[in-house]
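Please open the structure in your viewer and keep the selection tool at hand. The tour below moves from one selection to the next and says what is there.

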Amino acid sequence: MSVMIKVGMADLNVCTAPDVLTTLGLGSCVGIVLYDSRSKTAGLVHIMLPDSTKIRNNENTAKFADTGIDALILRLTAIGANRNRLLAKIAGGAQMFAFNANSDMLRIGERNTQASKLKLQSLGIRIVAEDTGLDYGRTIEFYPGTGQLYIKSVGRPLKIL
Amino acid sequence: MSNINLDQIDNMQFDVLKEIGNIGAGNATTALSTMINGKVDMCVPKVALLELKDLPDVVGGAENIVVGILITLDGEINGMMMFMMELKSAHHLVNLLMGKSMEEEAFTEMEYSALKEIGNIIAGAYLSSLSTLINIRIGASVPYMSIDMAGAILSVPAIEFGKVGDKALIIETQFSKDDSDVNGYFILIPTLESYNVILTSLGL
């Protein structure tokens, strides 16, 4: 039996096929999936903020793009994933409200997405698929067995990346 | 200066915050009731210290589709005020106001702005009563509206709170119309410093 493992906000988890990783209602946060298709292992981190160095209270590594991805890789290699085979799929980073231009909450989704991409790039992990930006929430499911990322949104057809 | 520590809020502070929710939501509910010309009940407010990851569950699960109207607060009180309704309730409300029969299609532009204005009026009633109570001016933004999964909408205040910690202290009040076809939530999410301002101004 496969188990659906839920990852909350500022949280991360790893699994091996046939288990499935999911995170519900991604808004401006970004869900980053890293997987190794040979060992059929995968990890998902649900980050909320782009940069841990800009925040005083940063013990929760899963909250930030930079530290979250590092922490996820450690967990993945611990369950048998090969660091050099890891590929990434990312989703989320929407702008949920049309804030005024002077709001500092503006573009937080976009900044999360950018920071995630930069971090992955600096680690040499290739992003094979992404569904980011725009103005709607996403629920994602990742199947390590097939490497497929399911993206469900309100009033939109199911997307498989 | 009163200092609020999220991990040890005393009973007195809890009660005061609850009363703030009571007064604010009471006025907001009255405004709503006047608008739709019907009786609207409200529940006892909940003051809860939540882990950020549990925040979406306050309105019935992360995937629950809701209409969220958000107003950001500035001045001496910073934070956010949210007014959330289930999609069905929002349709009912719009139909009540515009004298239409029940249908659950996508909102027209007119209905969309009506809904936004409802949110503005009742959130305004909440905030102005709070402002009078603590005798502090509260600056409110224009209303922003989004119809989506509760988790996605609540990620916006969660991110703001995420900048300072892993928990959010919220004052939540649920309301429902007598035949329970319209119900929703008022959620006040002040920043930590604003809680201090509120409590201090009330002599705590």
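Which residues in helix H5 of chain B are buried? Bear in mind that the model is predicted, then select residues 192–201 of chain B, where Ser194(B), Tyr195(B), Ile198(B) and Leu199(B) are the buried ones to look for. These residues lie on the same side of H5(B), because they cover an arc of only 135° around the axis. In an α-helix, with its 3.6 residues a turn, residues three or four places apart point the same way.

Just after H5(B), select Gly203(B), which takes a positive phi of about 80°.

Now display both chains and turn to where they touch: 25 residues of chain B are in contact with 27 residues of chain A. On the chain B side, the elements that give two or more residues are strand S3 (65–75), strand S6 (144–149) and helix H4 (150–162), and the largest share, 10 residues, comes from H4(B). Sorted by class, this side of chain B has 14 nonpolar, 5 polar and 6 charged residues.

Finally, select Leu87(B), which is found in helix H2 (residues 87–98) of chain B. Leu87(B) is partly exposed, because 16 other C-beta atoms lie within 10 Å, a count between the 12 or fewer of an exposed residue and the 20 or more of a buried one. Leaving aside residues up to four places away in sequence, Leu87(B) touches Ile65(B), Val66(B), Val67(B) and Ile147(B).

Notes:
Residues are numbered from 1 along each chain as its sequence is written. Chains are lettered from A and ligands numbered from 1 in the order in which they are written. This is a predicted model: local features need pLDDT of at least 70, side-chain atom pairs count only at pLDDT 80 or more; totals for chains, interfaces and linings use all residues. Helices (H or I, at least four residues) and strands (E, at least two) are DSSP runs, numbered from the N terminus. The arc is that of the directions from the helix axis to the C-beta atoms. Two residues are in contact if their C-beta atoms, placed from the backbone, lie within 7 Å. Ala, Val, Leu, Ile, Met, Phe, Trp, Tyr, Cys and Pro count as nonpolar, Asp, Glu, Lys and Arg as charged, and the others, Gly among them, as polar.
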